[in-house]
Structure formats: C-alpha cells, structure tokens
Amino acid sequence: MTKTFLNLFDAAWFFVERGDAPVHFGPLIILTPPAGAAPSYVADLVAQWRTNETFASPFNTVLRKKPFPCWETVPDQDIDLDYHLRHIALPAPGGQRELGVLISHLHSLPLDRRRPLWECHVIEGLEHGRFAIFLKFHHGQLDGVATARLIGRIFTTDADADDLLPPWSAGIRGNGPARRPIATQTAASTVSAWNRLGMLKSFGRAIGSVAVAVRALLDMAAAVRTDQTGDLTRPFQAGTALFNRRICDQRRFATQHYELARFKRIAKTANVTVNDVFLTAFGGALQRYLMELDAVPNGPIVGQIPVNIRELNAATAGNALAFIFARLRTEISDPVDRLHAVRRSTVAAKKFHQELPPAAIMPFTMLLTGPQMAMLIAGLGGVGRPAANLVISNVPGPVEPLYFNGARVEEIYGPSVLFHGQALNVTMSSYAGKAVISFTACSKSMPHVQRLAVYTGAALEELEAALGIEPSPEPVVPQETSA
C-alpha cells in the first residue's frame with residue numbers, strides 16, 4: 001500500500017481534535033430534482049451510486065499514526081461503501097427545523113479514524129420535493145478551497161448532463177466535472193514525499209525558509225509593540241468574549257442569504273474589498289448582539305482569517321492555508337468609520353504575508369499559530385486569553401448554477417469547525433451571484449445565535465444607507481438549526 005506522510009500543519013488537526021470538538025466540516029448542498037422526475041428519483045440516484053465502487057483520492061486513504069502520521073492508500077475492495085454512504089429521509093413536513101435537527105446531530109459525531117475519513121449523507125423528504133447531500137470531511141485532509149474544487153468535480157453547469165460520477169469516484173484530481181471512472185492510483189505511479197533524495201534536496205531549502213519566517217515573526221512582534229493605531233494585531237491580543245469558553249458537543253447553525261452584488265457595490269463605493277465589507281457587517285452584528293446580552297468584552301474582538309495559499313488549479317488534498325489576525329472594530333459605532341478601520345487592520349495583517357517568499361509562508365503560519373495549536377493539543381483551549389475570538393472566513397464559490405444529473409443545486413451551506421475557546425465560526429461563501437453566510441456555534445456558549453444572522457443583514461443595510469447606496473429589494477429569511 002502506498003504511504004504519503006503528512007506535513008506538520010495537516011497532522012496538527014488530528015492532535016487538536018477532541019470527542020466534544022470534532023474537526024470536520026460540510027458542505028451541505030440542497031438540490032431540486034429535474035422537472036418530471038419520478039417520485040423514486042432520490043432512491044434511484046442512491047441505488048445508482050451504490051454501483052460505483054471505484055474510489056479516488058482522497059476517498060481511498062486511511063490515516064496511520066505510527067511511526068509517523070501518514071496517509072495509506074486502501075484498495076477499492078477494502079472500502080465499505082455501505083458504511084460511508086447513508087440514505088436518510090426526514091420526517092414530515094421536512095422543513096428547515098427537521099433538517100437542522102438531523103444535520104446538527106450528524107455534525108456532532110466524529111469521523112471513524114479506522115476508515116477513510118469521509119461520509120456522504122443523502123437526505124430526502126425536504127419540502128417542495130427537494131433533497132440534500134451532506135458531505136463530511138476531516139480538516140486534516142481537506143480545507144475549504146480543496147472542497148470547493150471537489151464541488152467543481154462533482155457538479156456541472158450543464159443541466160442536461162446525466163453521466164456524472166458520485167463524489168468518491170470523482171475525487172479532486174482532474175479538471176471539470178468527472179464523467180468517467182478514474183483509475184485507482186498504484187504504488188508505481190506515486191512518489192513518496194519522504195524518499196531520501198527528496199529529503200536531502202528539500203532540507204536546505206526548508207532551513208532557509210524557516211529562518212526567513214522567524215525573522216518576519218520577530219519583525220511583526222516589534223511592529224506590534226510600536227504600533228500606535230491598533231491596526232496591526234498578533235495572536236493573544238483579543239479580549240475574552242462569552243464564546244471563548246469550553247464548548248459542548250451540541251451545535252447551532254444559522255444562515256443568511258444576500259445578493260453578492262450588494263457587497264460589491266459597497267466595496268466599490270468605499271474602495272475596499274468584499275471581504276472588508278463582510279467583516280464590517282458581521283462586526284456591526286456582533287456589536288449589537290454583545291450589547292444586548294450585556295457581554296461586551298474588555299478588549300478588542302479579533303478574527304482569525306484563513307487565507308488560501310494553494311497554487312492556482314492545484315489538485316491536491318491537505319491544507320494550504322495561512323492565517324491573518326484582524327480586528328473587527330466592534331467598538332466603533334459609525335458603520336463607515338468601522339469599515340475603514342477594518343480595512344486598515346486587514347491591510348496591516350496581510351502586509352507581512354505579502355512580503356514573504358512563497359516557501360516561507362507556511363513556516364511563518366506554523367510559528368504564528370504554534371502557541372495556539374499547542375494549547376489546543378494540551379487541552380487548554382478556553383483557558384485564559386484566546387489567540388483570537390473566532391474564525392471568520394470568505395470562500396469564493398461557483399459563479400454559475402450547478403447541476404447533478406439534472407438536479408439543480410439551490411443552496412450550499414458550510415457547517416464548520418469549533419474549538420475549545422472558539423465557540424463561533426462564521427463563513428461566507430458565494431454561489432451563482434448569492435452570498436451565503438453560515439454561523440456555526442456551540443449551543444451552550446452562544447444563546448440565540450439566529451440574532452447574529454438577522455443583525456448582519458441590518459448592519460449591511462446601515463452600511464448602504466451611510467454610503468448613499470440604494471439597497472436592492474430581496475427577501476431574506478434567517479434560519480436556525482439545532483439539536
């Protein structure tokens with residue numbers, strides 16, 4: 001069997017995982033069957049999928065931790081598809097509440113490390129004849145950008161295509177939707193990352209990159225000490241908020257939908273980025289939420305923001321992430337002033353990454369987040385000052401509507417990862433001209449998380465009004481799911 005060793009960043013996700021804090025994420029995809037589909041459409045789809053027992057990367061690898069963490073390729077015949085593929089039906093009426101109870105339960109259960117680390121739940125019985133696909137992946141094997149690439153392999157923009165492969169046969173390698181079986185990777189075609197020649201060649205480069213990263217980290221620490229504006233932020237400068245406690249194993253999940261064009265208009269008018277607008281709108285929502293609960297922390301609210309560093313079109317598993325730390329400026333009431341303050345904070349944070357050579361970005365990220373990871377591995381998350389208050393991310397998604405064998409993708413949600421000490425995760429993703437914001441929270445630490453969804457919309461409207469932008473009319477319905 002072929003073995004590929006994990007890098008330190010990917011391996012760390014397995015060491016920080018706890019029974020009440022599993023490290024897996026979505027997506028949850030809602031689809032509408034094609035017009036004229038038979039009542040047995042979903043059952044027929046699942047039956048068809050069960051005949052596809054060819055597994056592509058990363059669906060055919062198992063984690064081995066001894067003597068070093070590595071991925072071991074598993075032959076197709078040794079993978080139990082009946083375990084990984086589950087067909088479920090919701091009780092009537094199949095509304096958001098019923099779906100939410102189910103997803104919250106499924107999202108609370110860790111993946112079985114003895115098997116390939118994925119599950120595919122096909123859920124029928126949603127109202128209006130819709131059905132859902134909920135995919136679970138371990139963050140030690142895939143990040144959000146790799147998952148977005150996988151979605152591009154599973155789905156197509158062709159509404160008439162009817163020969164698409166299921167996720168595990170499509171895999172992440174290759175371009176465009178997968179329509180033909182993919183040959184199983186063999187040992188002869190795989191080159192281990194730990195072969196001797198590769199280690200000797202890369203060792204010198206690695207030492208040089210680490211030296212550059214250490215110097216950049218020291219420069220960042222010095223810049224933070226001399227910064228008089230508070231724009232530049234490093235880990236462990238955040239105040240302790242109510243969602244920086246130990247978490248339980250129950251989740252709440254809320255979403256909001258908007259026209260992506262609204263974010264783009266604000267960004268163009270104010271000369272900022274779409275992500276700055278997103279951070280500012282959420283900061284306004286969080287400001288209102290904390291004030292209502294009389295829980296404003298004594299210190300700044302800091303977001304830990306993932307940044308994709310994967311090469312363009314790279315069809316690889318694993319994580320290719322850097323992190324920046326930026327202040328959400330919840331202490332500023334004026335929405336436009338808050339927007340520009342957030343912009344200054346993100347620019348200051350990005351500056352150090354942009355000046356690094358590509359090979360030094362990952363060592364810099366590991367040094368920057370190392371103390372936080374060490375605390376989580378030691379079980380000290382939620383004790384003392386947090387490295388950041390929450391993880392908040394923006395993942396670009398498909399521009400055009402997607403289909404699977406004629407079924408139209410209506411919505412793509414993002415149930416995400418929580419840690420002890422970070423009981424809130426907020427993710428914005430775009431799909432077919434829509435911006436979807438997903439709020440994943442610990443039910444014990446975050447009461448009434450649906451208010452954050454509503455307040456984010458209100459904060460977006462405040463930004464538009466303050467900038468003199470006429471808002472586009474659109475129905476926005478907050479949704480909360482919990483178990």
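Contact here means heavy atoms within 4.5 Å. I keep that in mind for these notes, which look at a predicted model.

**Entry 1: two helices**

I began with helix 8 (residues 260-270) and helix 12 (residues 450-466), and I asked which residues meet between them. On the helix 8 side I found Arg262, Phe263 and Ile266. Their partners in helix 12 are Leu460, Glu461, Leu463 and Glu464.

Next I looked up the geometry. The axes of helix 8 and helix 12 come within 10 Å and cross at roughly 40°. That angle makes helix 8 oblique to helix 12, because roughly parallel would need an angle under 35 degrees. I also noted the handedness: the crossing of helix 8 and helix 12 is left-handed.

**Entry 2: Ser393**

I then turned to strand 12 (residues 390-395), where Ser393 sits. Is Ser393 buried or exposed? Its relative accessible area is 10%, so I put Ser393 down as buried, the limit being under 20%.

What surrounds Ser393? Setting aside neighbours within four places in sequence, I listed Phe278, Pro306, Val426, Thr427 and Met428 as its contacts. With Thr427 there is also a polar contact of 3.3 Å between the two side chains.

**Entry 3: cysteines**

How many disulfides does the structure hold? I found zero. Cys248 is in no disulfide, and the nearest cysteine sulfur, that of Cys442, lies 3.5 Å away. A disulfide would need the sulfur atoms within 2.5 Å.

I checked burial here too. Cys248 counts as buried at 19% relative accessibility, and Cys70 counts as buried at 2%.

Definitions and conventions
Residues numbered from 1 in each chain as written. Predicted model: local features only at pLDDT ≥ 70, side-chain atom pairs only at ≥ 80, totals over all residues. Heavy atoms only, no water. Helix = DSSP H or I, 4+ residues; strand = E, 2+ residues; numbered from the N terminus. Buried < 20%, exposed > 50% of the residue type's maximum accessible area, 1.4 Å probe, protein only. Polar contact = N/O pair within 3.5 Å; in protein donor to acceptor, adjacent residues only side chain to side chain. Axes fitted to C-alpha atoms, helices over the stretch in contact; angles between N-to-C directions. Parallel < 35°, antiparallel > 145°, perpendicular 65-115°, else oblique. Left-handed = near helix turned anticlockwise from the far one by under 90°.
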